[in-house]
Amino acid sequence: MAGRKVLIVYAHQEPNSFNGSLKTVAVEELSKQGCSVTVSDLYAMQFEPRATRNDIVGCLHNSDNFSYAVEATEAYKRGCLSNDLIEEQKKVQEADLLIFQFPLYWFSMPAIMKGWMDRVLVQGFAHDFPMCYDTGLLKVYMSDLFCFLILEQVSYHGIMHFCGVKVLEPHICFAPEHVSEEKRKEMLIAWAQRLKTLWKEEPINCSAEWYFK
């Protein structure tokens with residue numbers, strides 16, 4: 001859709017990997033549609049995955065008993081988060097579509113991707129109980145792109161659904177390293193085809209019943 005903004009949060013070490021090809025396909029296809037596409041390439045950025053005291057600029061809310069959740073929330077309110085978090089939050093705020101792309105490590109996302117969620121999606125920015133799930137603070141769509149089959153994805157979608165994001169059906173490329181080059185090309189074509197109509201898709205309901213239907 002012309003004029004729409006897309007943020008791809010991408011976690012793979014090798015640009016020439018299958019993941020790299022999937023990311024390139026997304027950038028090219030969405031750009032053809034007139035979208036403005038931004039990629040947060042976490043490895044290339046050397047994104048810090050650890051949630052630490054360094055995320056808060058200036059004085060702590062409670063220097064006697066450090067609580068990351070409390071301090072990050074208070075720092076967000078004061079505009080005192082570290083610059084890397086402010087930059088990522090700005091990208092999220094401007095996006096109409098989020099695509100999280102990563103290979104599956106031990107039935108979960110890579111640590112650098114989880115660190116992005118831990119540090120960027122702070123209370124006050126992405127959620128603020130009781131403003132969560134359908135009333136969460138983020139009002140964007142989300143698509144997720146994996147390179148393996150995952151059966152326990154409710155918790156991952158729970159992160160984004162908790163923040164108010166409308167979640168689209170996962171796009172799964174099963175074990176690309178174990179299939180032929182021809183099959184990998186078919187996977188890339190299938191992803192490009194889905195992107196052509198992605199804006200017309202309805203969000204999933206993010207319930208456990210949806211995953212095990």
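Analyst: Helices here are DSSP runs of H or I with at least four residues, strands are runs of E with at least two, and both are numbered from the N terminus. This is a predicted model, in which local features need pLDDT of at least 70, side-chain atom pairs count only at pLDDT 80 or more, and totals for chains, interfaces and linings use all residues. Residues are numbered from 1 along each chain as its sequence is written, and side-chain values use heavy atoms, with hydrogens and water left out.

User: Where is Gln46 found, and why is Gln46 called exposed?

Analyst: Gln46 is found in the loop between α2 (42–45) and α3 (68–78). Exposed means over 50% relative accessible area, buried means under 20%, and partly exposed lies in between (1.4 Å probe, protein chains only). Gln46 has 70%, so it is exposed. Its phi is near 55°, a positive value in a residue other than glycine.

User: What makes Ala175 buried?

Analyst: Its relative accessible area is 6%, so Ala175 counts as buried. Ala175 sits in the loop between β6 (171–172) and α7 (181–196), and its phi, near 45°, is also positive in a residue other than glycine.

User: How do you know that the span of α7 is close to the one expected?

Analyst: The expected span is 1.5 Å times one less than the number of residues. With 16 residues, α7 reaches 23 Å from its first C-alpha to its last, close to the expected 22 Å.

User: Which residues of α7 are buried, and what puts them on the same side?

Analyst: They are Met187, Leu188, Trp191, Ala192, Arg194 and Leu195. These residues cover an arc of only 165° around the axis, so they lie on the same side of α7. That arc is taken from the directions from the helix axis to the C-beta atoms. On the other side of α7, Glu182 and Ile189 are exposed.
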